[in-house]
Amino acid sequence: MISHNNTDTIVAVATAPGTGAIAVIRLSGPEAIAITNSVFKGKDLTKQASHTIHFGTIRDEGKVLDEVLASLFVAPHSYTKENVVEISCHGSDFIVQQIVKLLLKKGARLANAGEFTKRAFLNGQFDLAQAEAVADLISSDSALSHEVAMKQMRGGFSQEIKRLRAELVHFASMIELELDFGEEDVEFADRDQLRSLILNIQSIIRELLKSFELGNVIKNGVPTVIVGKPNAGKSTLLNKLLNEEKAIVSDVPGTTRDFIEDEINIEGITFRFIDTAGLRETTDKVEAIGVERTMQKLSQSSLIIYLFDITEVTAEEVQAELDRLNPKKLPIVAVANKIDQASPEKLAAFASIENLVQISAAEGANLDDLKQALVTKVNLGKLNTQSQTIVTNLRHVNSLNKTYEALDDVLNGIGLGMSGDLVAADIRRALYSLGEITGEITTDDLLDNIFTKFCIGK
C-alpha cells in the first residue's frame with residue numbers, strides 16, 4: 001500500500017462495479033464536507049447537522065452532472081470518526097466517474113483498498129480483530145459465516161483476548177516491581193498463582209485453536225470431493241445438487257478428465273463440491289492425468305463422497321475401496337447410486353456399510369438424505385455461535401500459537417527457579433503476541449498486509 005498522510009481527504013466508489021439504479025461515492029477526511037459543498041448546489045452542507053440527508057445537484061462550473069442525495073456524518077460521529085459524506089447518484093459509470101474526477105480536482109485523493117476501515121481502526125473506532133471481521137462480513141455467503149463475522153465485529157473475540165491479556169499484565173507488573181527491589185529478595189508475584197493463571201490461559205487458548213477447524217469451515221466452506229469409478233453417476237449427482245448442467249453426463253467411461261468445482265449452501269454451511277475423474281486403470285494419458293489429480297484433490301479435501309453404482313459392485317468391494325481411499329480417516333459418506341435399477345435383495349446386501357446413503361441421482365431420489373448426511377459429517381450440530389468464541393482468521397491462530405509457546409517458557413522458567421527478569425521477558429512475549437491480535441501491537445507492514453485485502457471503498 002502506498003503511504004499517505006492520514007489527514008488527507010479520501011474518496012472512492014463504495015458500491016459494486018457495474019451499472020445499477022444508484023451508486024454511492026464516499027468521502028472521508030477533514031475536508032470531506034467542504035469539498036462536497038464546493039460542487040453541491042442546494043443547502044450549504046457546512047452548516048448542516050450530522051446524520052442528515054440533503055437533495056441537490058452536483059455541478060462542474062455550472063454544468064449539472066447529476067441530481068444526488070448527500071448524506072452527512074460529522075466527526076466524530078461516523079464510521080471513520082472523521083467527517084464523512086456519502087453521495088448517492090445515478091448508477092451510470094459515466095456519471096460516477098465524472099463526479100469522482102471532479103472531487104479529485106477539488107482536493108480529494110483516491111482511497112486505497114481498505115483505507116476507510118484502516119482509518120476507523122487508527123482513530124479508535126474498533127480494534128484490529130473487529131476491523132478484520134468487517135472484511136469477513138462483506139464476504140460472508142452463508143448464515144453461519146454472517147453470524148460469526150457479526151459477533152467478531154461487535155467485539156466478542158476481542159473481549160476474550162483483552163481479558164486474558166489484562167490478567168497477564170497484572171502479573172507482569174508484579175514481576176517488574178520485584179526487579180526494582182532485586183537486592184532485597186522480595187516476591188510480589190506469587191509463583192503458584194502465576195502457574196495456575198497460565199495453565200488456565202493455555203486451556204482457553206487450546207479451545208480457541210480447536211475452534212479454528214470449525215471457523216475455517218464456516219468462513220471458507222467445506223472442500224467436498226466426489227469420487228468413484230467411471231459411470232458411477234458423479235457428474236449426474238453434481239448437476240442435481242447444483243440444479244444446473246455443470247458437468248458433462250455421458251455413458252462413455254472417462255468423460256470427466258479434470259475436476260469441476262462449484263458451491264451450494266446446506267443449512268447455513270457452504271460446501272465446495274469437486275467432481276473428479278473416475279478412478280480406474282487407464283492407458284489414456286489425458287484420463288490418467290485426471291485420475292492423478294483426483295488423488296491430489298482427495299488429499300486436500302475435508303469431506304469425501306464415495307459414489308458407487310450399486311448394480312455393479314458388492315458390499316465387500318465397496319468397503320475395501322473406502323478403506324483404500326481414506327488413509328487419513330477423513331469424514332466420508334458412502335453413497336449407493338442407481339437404486340431405481342436395483343432389486344430389494346441387492347439393496348439389503350449393503351446393510352454392512354456404515355451410514356450408507358442410497359440414492360438415484362438420475363431420478364433425484366433421496367438427495368435430501370444425502371444433504372443431511374453431509375451436514376452431520378461436518379459436525380457443527382453442537383456449535384453455538386451466540387455464546388461460543390470461534391477463531392476464523394489464520395493470523396489470529398499464528399498469534400495464539402506464539403502466545404502458547406511463550407507461556408510454556410514461563411512455566412518452564414518457574415519450574416527451574418529462573419530469575420524474575422527472565423520470567424518477565426517470556427510474559428512480555430506472550431503479551432506482545434496477544435496484542436498483535438487486537439492491534440495493541442502493530443507495525444505498518446502488518447496493517448498494510450491486512451487492509452490491502454479489503455475492497456476499494458471500505
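Analyst: For "binding site", an unreviewed UniProt entry lists Ser235 and Thr256; such positions are given in the numbering used here, feature names are shortened, and annotations may be inferred rather than shown by experiment. This is a predicted model, in which local features need pLDDT of at least 70, side-chain atom pairs count only at pLDDT 80 or more, and totals for chains, interfaces and linings use all residues. Residues are numbered from 1 along each chain as its sequence is written, and side-chain values use heavy atoms, with hydrogens and water left out.

Serine 235 sits in helix 8, residues 234-242; helices are DSSP runs of H or I with at least four residues, numbered from the N terminus. Serine 235 counts as buried because its relative accessibility is 8%, where buried means under 20% relative accessible area, with a 1.4 Å probe and protein chains only.

Isoleucine 218 belongs to helix 7 and is buried too, at 4% relative accessibility. From isoleucine 218 to serine 140 the C-alpha distance is 9.1 Å, although 78 residues separate them in sequence.

Next come the nonpolar cores: sets of buried Ala, Val, Leu, Ile, Met, Phe, Trp, Tyr and Cys residues joined through side-chain atoms within 4.5 Å. The largest has 32 residues, of which Leu168, Leu194, Leu400 and Ile427 touch the most other members. Two or more residues each come from helix 6 (156-180), helix 7 (191-220), helix 13 (394-415) and helix 14 (420-438). A second, separate core has 30 residues, including Val148, Val217, Ile264 and Leu374.

How values were computed: Buried means under 20% relative accessible area, exposed over 50%, partly exposed in between (1.4 Å probe, protein chains only).
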